[in-house]
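Dear colleague,

I am passing on the structure below, together with some notes on what was found in it. Please have it open as you read.

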Amino acid sequence: LLGGHVVQVVMWAALYFYDWNAFASFGTAIYFSLASFTTLGASELSLPSQHRMIGAFESGRWQFWQER
């Protein structure tokens, strides 16, 4: 279970860093992704405006899974 969560965090971070170039380092992308994944949030970091809804989906995705 933990391994699956780690893979998801890394996949989101890879999207933020490599595809969207949203952060200066991969470590920052991991931090943002982990903070969003746990719904804690990283108040000092934000995605570019065109990707903010997708970033919100990362933290809100559990609402969809818990309903099933």
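**Helix H1 and what follows**

Just after helix H1, Asn 21 takes a positive phi of about 50°, where helices (H or I, at least four residues) and strands (E, at least two) are DSSP runs numbered from the N terminus. Please keep in mind that this is a predicted model, in which local features need pLDDT of at least 70 and side-chain atom pairs count only at pLDDT 80 or more, while totals for chains, interfaces and linings use all residues. Residues are numbered from 1 along each chain as its sequence is written, and side-chain values use heavy atoms, with hydrogens and water left out.

Asn 21 belongs to the loop between H1 and helix H2 (26-37), and Asn 21 is exposed because its relative accessible area is 59%; here buried means under 20% relative accessible area, exposed over 50%, and partly exposed in between (1.4 Å probe, protein chains only). Although Asn 21 and Leu 47 are 26 residues apart along the chain, their C-alpha atoms are separated by 9.7 Å.

As for the chain overall, it has three helices and zero strands, giving the pattern α-α-α when read along the sequence, and buried residues make up 31% of its 68 residues.

Helix H1 itself covers residues 2-19, and its 18 residues should span 26 Å at 1.5 Å a residue, which agrees with the 25 Å between its end C-alpha atoms; the expected span is 1.5 Å times one less than the number of residues. Within H1, the buried residues are Val 9, Trp 12, Ala 13, Tyr 16 and Phe 17. Seen down the axis of H1, these buried residues fall within an arc of 125°, so they line one face of the helix, the arc being that of the directions from the helix axis to the C-beta atoms. On the face turned away from that buried side, H1 carries the exposed residues Met 11, Tyr 18 and Asp 19.

Leu 2 is also found in H1, and Leu 2 counts as exposed because its relative accessibility is 65%.

**Aromatic pairs**

How many aromatic pairs does a search of the whole structure find? The search finds eight, where rings of Phe, Tyr and Trp (its six-membered ring) pair if their centres lie within 6.5 Å, and planes under 30 degrees apart count as stacked, over 60 as edge-to-face and the rest as tilted. One of them is the tilted pair of Trp 12 and Tyr 16, with 5.9 Å centre to centre and 40° between the planes. These two residues both lie in H1, four residues apart, about one turn of the helix. Tyr 16 also forms an edge-to-face pair with Phe 23, at 6.2 Å centre to centre and 75° between the planes. Tyr 16 is buried, with a relative accessible area of 0%, and Phe 23 counts as buried at 9% relative accessibility. Ring pairs link Trp 12, Tyr 16, Trp 20, Phe 23 and Phe 32 into a cluster.

**Helix H2**

Phe 32, a member of that cluster, is also among the buried residues of H2, which are Ala 29, Phe 32, Ser 33, Ala 35, Ser 36 and Phe 37. H2 has twelve residues and reaches 16 Å from its first C-alpha to its last, close to the 16 Å expected at 1.5 Å a residue.
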